[in-house]
Amino acid sequence: MEFFCYHRDRSGSVALRSELLEEHWSYMDGYAKEMIARGPTLAGDGDVATGSVHVVDLPDPVAARAFAFDEPGYQAGVYRDVLLRRWRNMLGRTMWDFPGGRTGGNRYLVLGLGSGEAADVAVPPDRDELIAYGPLLSDDGATWLGTAALVRAPDPDAARAVLIPDRYAEIEVHNWQFGGRPS
């Protein structure tokens with residue numbers, strides 16, 4: 001089962017986040033085989049992290065909750081909240097398989113929080129700009145709750161356009177970059 005996890009940073013937690021970076025990476029190293037995508041969201045200037053995205057393939061919702069809430073930053077109070085949902089990998093690949101590579105261009109997390117009938121259940125036509133894409137689902141996978149995408153786009157408006165705007169209660173767009181230990 002695939003899961004989308006977004007830890008949103010608590011205001012004023014930048015120093016604590018930095019202090020725990022090695023612990024965070026070590027923790028994530030234990031999930032390297034299960035990782036589909038990962039990386040920080042960033043403030044408008046691109047220098048300060050505002051959250052942490054992880055898309056993982058785990059056995060069940062219990063394992064996903066353990067993954068999200070045992071993370072060292074969460075345990076230490078770096079994050080203000082966690083969005084954890086079942087997810088379906090509509091591209092069938094990891095971020096490391098993205099044809100555009102790790103660098104070049106602007107990258108965004110686009111979160112469409114659902115309202116009503118399922119939307120954007122098919123992959124958009126320009127899939128070469130999609131790093132990861134899929135629906136957010138209830139724990140049992142039966143109810144559509146939104147859509148999460150990692151996308152390369154020229155600007156936030158172009159990133160937002162990957163989703164049908166009037167089908168969501170809210171659409172968030174965050175600067176994002178490929179994560180993991182520096183090589």
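## Partly exposed rings

A residue counts as partly exposed when its relative accessible area lies between the buried limit, under 20%, and the exposed limit, over 50%. In this predicted model, Tyr74 has a relative accessible area of 31%, so Tyr74 is partly exposed. Phe69 has a value of 27% and is partly exposed too.

## Aromatic pairs

How many aromatic pairs does a search of the whole structure find? The search finds 6. In one of them, Tyr27 and Tyr31 have ring centres 5.4 Å apart. Their planes meet at 50°, so this pair is tilted. Both Tyr27 and Tyr31 are buried. Phe69 and Tyr74 also pair, and their arrangement is edge-to-face. Their centres are 4.9 Å apart, with 70° between the planes.

Tyr27 and Tyr31 also belong to an aromatic cluster, together with Phe67.

## Helix H3

Helix H3 covers residues 61-69. Its buried residues are Pro61, Ala64, Phe67 and Ala68. Seen down the helix axis, they fall within an arc of 115°, so they line one face of H3.

What do these buried residues pack against? Their partners are S1, S3 and S4, along with helix H2 (21-29) and helix H4 (72-76). At the start of H3, Asp60 brings a side-chain oxygen to within 3.1 Å of the backbone nitrogen of Val62.

## Nonpolar cores

The largest nonpolar core has 19 residues. Phe4, Trp87, Leu109, Leu111 and Trp176 have the most contacts inside it. Strands S1 (2-9), S2 (35-42), S3, S4 (79-87), S5 (106-114), S6 (130-137) and S7 (144-153) each give two or more residues to this core. The largest share, 3 residues, comes from S6.

Leu109 shows who its neighbours are. Beyond four places in sequence, Leu109 is in contact with Phe4, Tyr6, Thr41, Val53, Ala149, Leu150, Glu172, Val173, His174 and Trp176. A second core is separate and has 15 residues. Leu91, Ala119, Ala153 and Leu163 are among them.

## Ser52 in strand S3

Ser52 sits in strand S3, which covers residues 49-57. Is Ser52 buried or exposed? Its relative accessible area is 4%, so Ser52 is buried. Leaving aside neighbours within four places in sequence, Ser52 is in contact with Cys5, Tyr6, His7, Arg17, His24, Gly39, Pro40, Thr41 and Tyr79.

How values were computed:
Residues numbered from 1 in each chain as written. Predicted model: local features only at pLDDT ≥ 70, side-chain atom pairs only at ≥ 80, totals over all residues. Heavy atoms only, no water. Phe/Tyr/Trp six-rings, centres within 6.5 Å; stacked < 30°, edge-to-face > 60°. Buried < 20%, exposed > 50% of the residue type's maximum accessible area, 1.4 Å probe, protein only. Helix = DSSP H or I, 4+ residues; strand = E, 2+ residues; numbered from the N terminus. Contact = heavy atoms within 4.5 Å. Core = buried A, V, L, I, M, F, W, Y, C linked by side-chain atoms within 4.5 Å. Arc of directions from axis to C-beta. Polar contact = N/O pair within 3.5 Å; in protein donor to acceptor, adjacent residues only side chain to side chain.
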